[in-house]
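This briefing concerns the pairing of charged side chains. Please view the sequence and the structure below before reading on.

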Amino acid sequence: MTLPRPHRIDLTIAVVGLVGGLVLWWFGLYTQLDRPFAQRWATLVPLVVTAGCEAVRRTAPRTALTVGTVAIVADQFTYGSLATVLMFTDVVYAAVVYGAPAHARRVPYTTGLVTVGVTIGFLVWWQNAYALLVGVLTGMISFLPAITGAIVRNHREAADAARLRAEQTALLAEMDRAQAVVAERARMARELHDMVANHLSAIAIHSTAALSLDEPATTRRALTVIRENSVAGLAEMRRLIGLLRDSGGEPGAVPSLDALDSLLARARANGSAGGLEFVLEDTRPPGGALPAPVELAAYRIVQESLTNAVKHAAPGTVRVRVGRSGRALTVAVDSPYGQRPGPGAPGTGSGLVGMRERTELLGGEFRAAASGPVWQVRAVLPADERAGDA
């Protein structure tokens, strides 16, 4: 069995108490007279034992209290030492402050009962006021240190709990900050991809066509499309830079479904060389205002779907359908799915991820998959106040 290693502060207290008790003993300063053990050396036994209890007051508080109680009782049968009494009060205090929670809760009640019991016992025995004085002294060396220790322990536990709550609050704040940074980076990535990718894809396709076909007319048309997409891409990039510099959030000019005609016109210019035709079917009732996040998400979904069609779709008709029924806005884009002739543009799948994220952030549903010879994109967005909150 390994004995607990005393704390250096406890050793200091024990040494000081022992030395003080020895000085009092040397000069014959006692607390009592006419005791059963009249030998002077008998006073040193409780003194040394209590000093040993002080040495382990922090590492073994329960054992120190038990042995110290025996020592203070034995001290009453000798001449007694004030140092023994003072060290015992500190042992009681330490048992409450450093002891196990259950033991620390029992010590004040136990010492209180002992104080009351001693007072009543001496009142019955002596039947005079001196019994009350004995009860007060018993409470001062046992109950009062226990109550003081309980108060200190409660304050210490309250301080630890407050410190823990502060650390948890700081950790939650850091986690919220990290999540906000991640969410903002994801939003910036979606905006950058949706605003610029379609223009760069058109530039890549038409520049490839211009390099592969040595025809002046084809080259001129390709350069015209490249210039238009370059100008549009620069405009979108300036808008994105304004979005990043503006701490107030979205800038004033937010794309909406009212610009679908111009979006399809640009898609026709970019996809005509690949044999693509674009048809818009907008069945939304007139005058039905939608929350700005829904307008932006629906616009970006259509924009990215058209970009993917220009990059990957086989020759044929790309059909865009936008409708509203009740509290839901439905966006559907069908494009030919098959072997594409001529030059194409590489894809990373980021567009599909961005469309899905936009839909799920608003609490909607998104699906993109091939159905026979048609690639289908379906998005159902909430068109009520829930989307505005999102």
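How many salt bridges does the count come to? The count is 11, a salt bridge being a side-chain nitrogen of Lys or Arg within 4 Å of a carboxyl oxygen of Asp or Glu. The model is predicted, so local features need pLDDT of at least 70 and side-chain atom pairs count only at pLDDT 80 or more, while totals for chains, interfaces and linings use all residues. Residues are numbered from 1 along each chain as its sequence is written, and side-chain values use heavy atoms, with hydrogens and water left out.

**Network of salt bridges**

- Salt bridges link Asp-10, Glu-54, Arg-57, Arg-58 and Asp-90 in a network.
- Within it, Arg-58 pairs with Asp-10, their closest N and O atoms lying 3.4 Å apart.
- This pair links distant parts of the chain, 48 residues apart: Arg-58 is in the loop between helix 2 (44-55) and helix 3 (61-75), and Asp-10 is in helix 1 (residues 8-26). Helices (H or I, at least four residues) and strands (E, at least two) are DSSP runs, numbered from the N terminus.
- Arg-58 is partly exposed at 25% relative accessibility, whereas Asp-10 is buried at 0%. Buried means under 20% relative accessible area, exposed over 50%, and partly exposed in between (1.4 Å probe, protein chains only).
- Arg-57 forms a salt bridge with Asp-90, with 2.8 Å between the closest N and O atoms, and both residues are buried.

**Pair between strands**

- Arg-321 and Asp-334 meet in a salt bridge at 3.2 Å, N to O.
- Arg-321 lies in strand 2 (residues 316-325) and Asp-334 in strand 3 (residues 328-336), so the pair ties together parts 13 residues apart in sequence.
- Arg-321 is partly exposed at 26%, while Asp-334 is buried at 13%.
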